[in-house]
Amino acid sequence: MIWIETIVQGVLLGGLYALFAAGLSLVFGIMRLVNLAHGDLIVMGAYLILVVVSVSGLNPFFAALVAAPFMFTVGWILQRAVLNRTLGEDILPPLLVTFGLSVVIQNTLLEGFTADSQRLSMGPLETASVNVGPITMGTLPILTFGSAIVVILVLNWIFYRTAIGRAFRATSDDPVTASLMGIRPDRVFATAMGLALVVVTIAALYLGTRSNFDPYVGPARLIYAFEAVIIGGLGSLWGTLAGGIIIGVAQTLGAAINPEWQILAGHVAFLIVLLVRPRGLFPRAFD
Amino acid sequence: MTQTYTASARTRAGTLSGIAALILLVVAIVLPSFASRSLIQDLFFILTMLTLAQFWNLLAGYTGLVSVGQQAFVGFGAYMLFGATILWGVNPVAALFMSGVFALLLAIPTAFFAFRLSGAYFAIGTWVVAEVVRLCVAQWQAVGGGTGTSMPRDARDAMWGVEWIEILFDVRSSAARDILAYWLALALAAATIGGIYWFLRTRRGLALAALRDNVEAAKSTGVDATRMKWIVFLVAAFGTGIAGGLIFMQNGRISPDSAFSVTEWTAFVIFIVVIGGIGTLEGPIIGVLVFFFLQELMADFGAVYLIVLGLLGIAIMLFAPTGLWGFFAKRTGIALFPTQRRLETKR
């Protein structure tokens, strides 16, 4: 029984990782951009929500709604002004520029908010739990997992059912041909990054409510997110969820055996998947 | 009259800079006799970062192996140095060689795994490998587990050459250890630059430069790209491991977080290479000087220097992707370490 409970906790944890990864998966799938600042952008979102909460006294959920349009704008401008210039065959420019962004964001947050760890308070919701049969599950983890599913459903709907989604898919497959059809790849990419940062805001909400955060926690979150994306396969959002769940379950199983093995078990699971399937489990797009 | 042609990489600027480099090296060797201790420490920092940068440049600049996991070799090399001195009583100076060898041994399975991946996957894959090594080392209780450990006093005092330096310069043992570390760093950096320079002027080096310029074209003329990647990856791991061992030998204290820091041993190194100029020997030298002076200039402003460093790196990547040296060399045609072959006529 304890094993089933462990696995369920792992699946729910995987929902959190999928949320961290969904925005990354979107930009990676559409423009092959390796955004090493993604984790730091999540942390930045958490601080933004924190500021909105402390200024307005709103509940963090509503504060995230206030923060989301702002984050969309940040993403849009970032892509138009900086990141679009780095796209191309060579992976070094995006890697270096986003590494630079990561360092800039971390240290700007450090200057602005000090290194003290912070937390978004959810009141009684933090400790609430639900009993399903013999298994007890936290309400917040369930909410996180549900949010991950909703985010992926919405993103997939945008991706496959709307005009901008068609533009996303077209530029992902072949930006040159897409631009012959009147699509402006630079604008499409900017919209995609804006959308990714809206997802980042949602991820930030759960990052901030489920654990403490400080300006330096970004890279650790980034690595789980990347693992989820790569396990899932390029361009597949459901694959990203599957990847998040694999990492989450591996971590809770590892932790059940020895608490010090939690993170290690997640990484090892990632390495094994990559060894067997170097392109991930469900790749949609081809390189 | 028959003419024979020979291909040569010799230029006048190259000869002059070769002589200048030799003079500089001699000055650097005798420097501890009159320089202050803080200058020696600064130079140690510059030389070790330069070594790391040269090896990363060799990887990314020549074979396109953009690794984000070089901290694996820094940290593993450093931990093996501590392990060898604490557990087996090896002299720290001798253990430096083991740092390199163990880093090389780690690089073999890493390469088997990482070479299956390409581009972004390779970058992330190497990073995850480094994290795995960090987490495994953090379980190693004999060297302090997750909190780390210090170099034992008797191992520190037993370092080869320290007593001799104490007598030679009439300094205390702590200053003598700094001088020893500085000399070792100087030897390592000189051997690294000299070695890479020599290699680039051999036949294999020509193959490497061809790979840098155009992979497909190089392959079509018979360059074995996979083999070059293996050679470069293993050599870089060996050198990076020794540099890691040396950095933490001088530091005297080690912990998994500091030894496997992605920011310090990979991000900063990438900035140094890109700011200076990727794919050249001169670039990392310029880059490390910029990095150091930036740090000195803004020492009083805390994290601001990192923000400036990040922004500078971004700006250079966007507007002068060949770096400061590339920008300069393109306008002047000067190469301090010429590796380009030119045809010469001999009558």
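**Figure 1. Charged side chains of chain A in this predicted model.** Chain A carries 14 positive and 14 negative side chains. The accessible surface of the chain amounts to about 11,500 Å². Carbon and sulfur atoms hold 68% of that area.

**Figure 2. The overall build of chain A.** Here you can trace 11 helices and 2 strands. Going along the sequence, the order is α-α-α-α-β-β-α-α-α-α-α-α-α. Along the principal axes, the C-alpha atoms occupy a box of roughly 60 × 50 × 35 Å. The radius of gyration of chain A is 19 Å, which agrees with the value near 19 Å for a compact globule of 287 residues. Of the 287 residues in chain A, 56% are buried. Among contacts with a separation of 6 or more, 77% join residues 24 or more positions apart.

Figure 3. F226(A) counts as buried because its relative accessibility is 1%, and the cut-off for buried is under 20%. If you set aside neighbours within four places in sequence, the contacts of F226(A) are L24(A), V34(A), N35(A), L36(A) and, from chain B, I124(B). For a sense of distance, find L95(A) as well: F226(A) and L95(A) are 131 residues apart along the chain, and their C-alpha atoms are separated by 13 Å.

**Figure 4. R32(A), in the loop between α1 and α2.** Helix α1 covers residues 2–31 and helix α2 covers 38–56 of chain A, with R32(A) in the loop between them. Most residues other than glycine have a negative phi. R32(A) is not a glycine, yet its phi is positive, at about 55°. With a relative accessibility of 25%, R32(A) counts as partly exposed.

**Figure 5. T114(A), in the loop between α4 and β1.** The elements on either side are α4 (92–113) and β1 (129–132) of chain A. T114(A) also has a positive phi, near 60°, and is a residue other than glycine. Its relative accessibility is 40%, so T114(A) counts as partly exposed.

**Figure 6. The two assigned domains of chain B and their contact.** According to the domain assignment, domain 1 of chain B runs over residues 35–260 and domain 2 over 269–333. Their contact draws on 19 residues from domain 1 and 15 residues from domain 2 of chain B. Taken over C-alpha atoms, the centres of these two domains are separated by 21 Å.

Key
Residues are numbered from 1 along each chain as its sequence is written. Chains are lettered from A and ligands numbered from 1 in the order in which they are written. This is a predicted model: local features need pLDDT of at least 70, side-chain atom pairs count only at pLDDT 80 or more; totals for chains, interfaces and linings use all residues. Side-chain values use heavy atoms; hydrogens and water are left out. Helices (H or I, at least four residues) and strands (E, at least two) are DSSP runs, numbered from the N terminus. The radius of gyration is taken over C-alpha atoms; the globule rule is 2.2 Å times the number of residues to the power 0.38. Buried means under 20% relative accessible area, exposed over 50%, partly exposed in between (1.4 Å probe, protein chains only). Contact means heavy atoms within 4.5 Å. Accessible areas come from the Shrake-Rupley method with a 1.4 Å probe; for residues, only the protein chains shown count as cover. Lys and Arg count as positive and Asp and Glu as negative; His and the chain ends are not counted. The place of a charge is taken as NZ of Lys, CZ of Arg, CG of Asp or CD of Glu. Domain bounds come from an automatic or database domain assignment.
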